[in-house]
Amino acid sequence: MLQEESDLSLIIAQIVQKLKGSNLYAQLERQAWACLQRPEVRLESLKEDIKEFFKISGWEKKLQNAVYSELNVYPLPSHPSAPPEHLKEPLVYMRKAQGSWEKRILKSLNSMCTELSIPLARKRPVGEQKELLNKWNEMGTDEPDLSLFRPVYAPKDFLEVLINLRNPNYENGDSLSFRTHLGLIQVPLKVKDIPELKECFVELGLSTGQLGIDDSTQVPPELFENEHVRIGQKVLLQQDSAAAQQYIRQGSPTALRAELWALILNISSQPEDILYYEQLKTNVIQHDLLVDSLIYKDVKLTASNDDYYFVFEDYLYQVLLCFSRDTSVLGHFAYNSASPPKSYIRGKLGLEEYAVFYPPNGVIPFHGFSMYVAPLCFLYHEPYKLYQIFREMYVRFFFRLHSISSHPSGIVSLCLLFETLLQTYLPQLFYHLREIGAQPLRISFKWMVRAFSGYLATDQLLLLWDRILGYNSLEILAVLAAAVFAFRAVNLMEVTSLAAAEAVLADLSTLKVMPLLQIFLFATVT
Amino acid sequence: MSRMLVPCHVKSTVALQVGDMRTSQGRPGVLVVDVTFPNVAPFELLEITFKNYYTAFLSIRVRHHTPLHTPSKWVTCLRDYCLMPDPHSEEGAQEYVSLFKHQMLCDVSRVLELRLILRQPSPLWLSFTVEELQIYQQGPKSPSLIFPKWLSHPVSSEQPAPRLEGLPDPSRVSSEVQQMWALTEMIRASHTSTRIGRFDVDGCYDLNLLSYT
């Protein structure tokens, strides 16, 4: 009992400390001062009256939403003896693997820098700054020569690193035992099986209405859809994050989705936020980074070639270029196993006062990174709002898809979850694919790393991302990947090579996500 | 609650195995770690902290200080405490753990020696142990302050001063002033921890190459 109480007070102290630096704190203070004028606030019961005022005026709800957001994003305070690295990643061998992987990326970036004789960062001359400001809204029309640039890494390079991940304390012998991993991932992380997933994703069950299934044209809207929309409007009126997160597990109506996601991610666009975005824009105009060319190249190679997303090319530059200048993203490295790359001002090597992070937000984009932003362009049209939503989605979810960690939503766990589900529930298919040299993870890895962006039709993708927000977990990506294999199992059993298997699974744009998930979790006879 | 580290000597682990250890295959699943406290009088155990390394279950036995001429026995104070919910997977394998007095099954007020019994039933791990073992006892209590009698027991035989007409009740005013003072103290003590947000050093962001350390 003592232990739980002291744990609770530690969590409360941590959240209070975090919120003290936020805009909300300043606003609450201002509101408290302002409400002292009100007649119903009396001196002897000052604390209670102000609390009552907050409750009535909706400020308490805003505070509740902020606290809920903190609880969702930040891990619980760890043991007092645990060093900060332990909070980033508890397993030592994974920290080491992430460190070596980062070193490889830095070496690659440094060699690109020296080969092309381009500086990592350069202050733009005034003329160039003016030019960029003028074409800020149409950077897509620019056709810079990017032929010499290559992406720092692609998902398949990262997959090779994960395949070679080994726990030095684990029996990795050649002899087959009861725990030999037949897939590509060889680390014994704990993953859920279908009974546990059914419990976890109970709102996706057969007897609960879903958008994505029960809103199709054959189903009369009175059965589910109308009521669901009505409840959604009520949730938005109440402005309650926790209720919105529960609601969205059954999917979000298209008209309400933008507001619901903003409510769940606790994003409200205050004037300070617009100013902050403008400040980032100024930073982009003043300094030119090598990373900018990588972003340009990535957008041109991926989003611009995509039928659904090429119209948003300009928005993508406006978001991603500002994202790399945003130092507030550095905060997420406290719970991310990755660390931001460091550098020194020229001529001041080794002097700590001249140490800086590069890029300013510590995130080096890889091939396909811009696909994290592209689907959001359908929902948000003001650049600053789009930016805020993307930044929050990145520091909550997307960072886990490209760093090595033991977190249940980390890419390593997702890969192992996918392979385990396939092996347990489709053993014949798994064995067949393995025999022909087409390990299933080699095909599904790229889907999971991009959270299926660019592979599914946009409306289906947004239904999937609704559930990621609703359950605050990425495990659904692994379940969907397994469900896709289950759906195409008959065709896959007939292929005889990796290339043929890839061809069967090349086009996912006709798939309906929710029926696949529902059948795999709740309707498959095991 | 203040606590004090107790200097201890952790003996090397002893594996418990059946049969001849040189020829039998398989790794031991039970290890025993003895912890002695040379030069320390029998103390009251408050907390044990350690870093786990792939141990699944922990039992602790303690030997008490007994009055002279009675042999001291080993008593189990923690039985099969689960450190890894699934011994075959990594969950909890490298966590920092604290065990407190109130979790112990027996009285730990005069500890002489501790014996940790580590169990790892899964054959998948090459080795297992606990690291950074630290034992804490109750720290020295702060000396209790003695107030002069007139401060802690005010004389109540005085007549209260006659209330002047039209003025508020003095005890109410004093409590309100106390509340205001407390609030201002809280506001003064708090400070924000927002970052400035600048990524350059004095306007300069001209960099060398990225460093590897």
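C200(A) is partly exposed, with a relative accessible area of 28%; partly exposed lies between buried (under 20%) and exposed (over 50%), using a 1.4 Å probe and protein chains only. This is a predicted model, where local features need pLDDT of at least 70, side-chain atom pairs count only at pLDDT 80 or more, and totals for chains, interfaces and linings use all residues. Residues are numbered from 1 along each chain as its sequence is written, chains are lettered from A and ligands numbered from 1 in the order in which they are written, and side-chain values use heavy atoms, leaving out hydrogens and water.

**Cysteines**

How many disulfides does the structure hold over all chains? The count is 0, where a disulfide is a pair of cysteine sulfur atoms within 2.5 Å.

| Cysteine | Relative accessible area | Nearest cysteine sulfur |
|---|---|---|
| C200(A) | 28% | C415(A), 18 Å |
| C82(B) | 40% | C77(B), 17 Å |

**A sheet in chain B**

Now look at chain B, where 4 strands form an open sheet in the order β1-β10-β5-β8, with antiparallel pairing. Strands are DSSP runs (E, at least two residues), numbered from the N terminus, and two of them pair if DSSP finds at least two bridges between them. At the edges are β1 (3-6) and β8 (96-100) of chain B, each pairing on one side only. From one strand to the next, the twist averages 30 degrees, with axes being lines fitted to C-alpha atoms and angles running from 0 to 180 degrees between N-to-C directions.

β1(B) joins β10 (residues 129-138) of chain B through 4 bridges in the antiparallel sense. Across this pairing, V6(B) stands opposite I135(B) in β10(B).
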